[in-house]
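Student: I have a structure to look at today and would like to go through it slowly. Could you help me with the helices and then the strands?

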Amino acid sequence: MDVPFYGHVRQYHNIQAEIDANIQGVLESGQYVMGPMLKRFEKELANYHGMQYAVGVGNGTDALWLAFQALGIGPGDECITTANTFFATAEAIWIAGATAVFVDSDPRTNCIDPAKIEAAITPRTKALVPVHLYGQCADMKAIREIADRHRLFVIEDNAQAAGARGDGFRIGELSDAACTSFIIQKNLGCFGDGGAVVTNHEHVDRTVRRLRNHGSDKRSCHSPGYNSRLDDLQAGVLSAKLKHIDEWSAARRKWAARYSACLKDVETITLPYEKPGYYHVYHLYVIETKVAAHRDVLLKFLNENGIDAKCHYPIAIHQQDGYPWGKGARIPQPVTHTERNAACCISLPMFPELTGEEVDYVIEKVLEWSRTAGAL
Ligand SMILES: Cc1ncc(COP(=O)(O)O)c(C=O)c1O
């Protein structure tokens, strides 16, 4: 059996009539950029988050650095984040001209460890940039408390956790801006690139709106900005998909529960940890081999058996070739858990449209490998 890593086409087929109708509507409207479908989707997205503002931009990386820019973060400033994330988190900090400061992650959630943040704060620190890694919220209550104590901004990298919740908090409400990516593989993904900034700050909304559109909020009037707009066709796709995001999160959680129940006795791997009271939406279901040398062996075994398992992320940002490329970067303390996560992680197939047979086949193969792992 072959088990794919993504189910984009299955998802499209399941709601094809809704997506096609929105695409057709945009095509017939004659308004493809900054048109009524974008406006509609922005309103729906803000409502979904229970937030005042949502502004669609070209991609998740732009969402981050445009938010930084709107908050006045730039050269000379430091932003604290983690190195076990997709490269774009740090890249956005560098695009804004700031310094990325990497602290270690929590060994169980792999999100930023709030206990490591304060030791990294200097007079130049301007913002904390937690990533809701793999679909589980970082500990935003602790992060907000630290930010308040040191008068820092908080910008959430929410590329991976659409629909997730924390213990008594929602994404966006404890930060200055939550930035998301709609690239196809995300839990809420369009058919290309897209992103958004969600915020309760009118100033952030207004500034990102202006920056994304050549510094203009009125025809023919400009100040320096960029071109980074979510186009109306993608907004139409996202508007159709947003109605399904909660049922898709529930399906992801069902498959995660099945993986976890059936793999819980495998001594050679560690399973994902869901914090009590949190609603993890399993953008990725990431296991870790307890022995780093096992990771590539298990990955190869799964791949050779038709299972498209992957790694997120096998090379942490500070381990990339050429780091830091002349950019501002600082690692004040060892990042041991980040490095363990990079060395040991394997993402099993995870998407709402998986079938029970596919999930059971993946489980069967991990169990089969585990029976031999002791002898490797
Ligand atoms: C954690 C994280 N941050 C930022 C991004 C950047 O988003 P994009 O690819 O839409 O620029 C991604 C995904 O690609 C991501 O996973």
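This is a predicted model: local features need pLDDT of at least 70, side-chain atom pairs count only at pLDDT 80 or more; totals for chains, interfaces and linings use all residues.

Student: Which residues in α4 and α5 meet?

Tutor: From α4 they are T61, L64, W65 and F68, and these meet A88, T89, E91, A92, I93 and I95 in α5. Sorted by kind, the residues of this contact are seven nonpolar, two polar and one charged.

Student: Switching topic, is N22 buried or exposed?

Tutor: N22, which lies in helix α2 (residues 16-29), counts as buried because its relative accessible area is 12%, and the cut-off for buried is under 20%. Leaving aside residues up to four places away in sequence, N22 touches M37, R40, G236, S239 and A240.

Student: Now the strands: what order do they have in the open sheet?

Tutor: The order of the three strands is β8-β9-β11, with antiparallel pairing. β8 (269-270) and β11 (345-348) are at the edges, each with a single partner strand, so one side of each has no neighbour in the sheet.

Student: And how many bridges join β9 to β11?

Tutor: Four bridges join strand β9 (residues 285-289) to β11, and V286 has S347 in β11 as its bridge partner.

Student: Which helices pack on or lie across these strands?

Tutor: Helix α9 (residues 245-263) packs on the sheet and touches β8, β9 and β11, its direction making about 25 degrees with that of β9. Helix α10 (residues 292-304) lies across β8, β9 and β11, and runs at about 25 degrees to β11.

Notes: Residues are numbered from 1 along each chain as its sequence is written. Side-chain values use heavy atoms; hydrogens and water are left out. Contact means heavy atoms within 4.5 Å. Helices (H or I, at least four residues) and strands (E, at least two) are DSSP runs, numbered from the N terminus. Ala, Val, Leu, Ile, Met, Phe, Trp, Tyr, Cys and Pro count as nonpolar, Asp, Glu, Lys and Arg as charged, and the others, Gly among them, as polar. Buried means under 20% relative accessible area, exposed over 50%, partly exposed in between (1.4 Å probe, protein chains only). Two strands pair if DSSP finds at least two bridges between them. Axes are lines fitted to C-alpha atoms, for helices over the stretch in contact, and angles run from 0 to 180 degrees between N-to-C directions.
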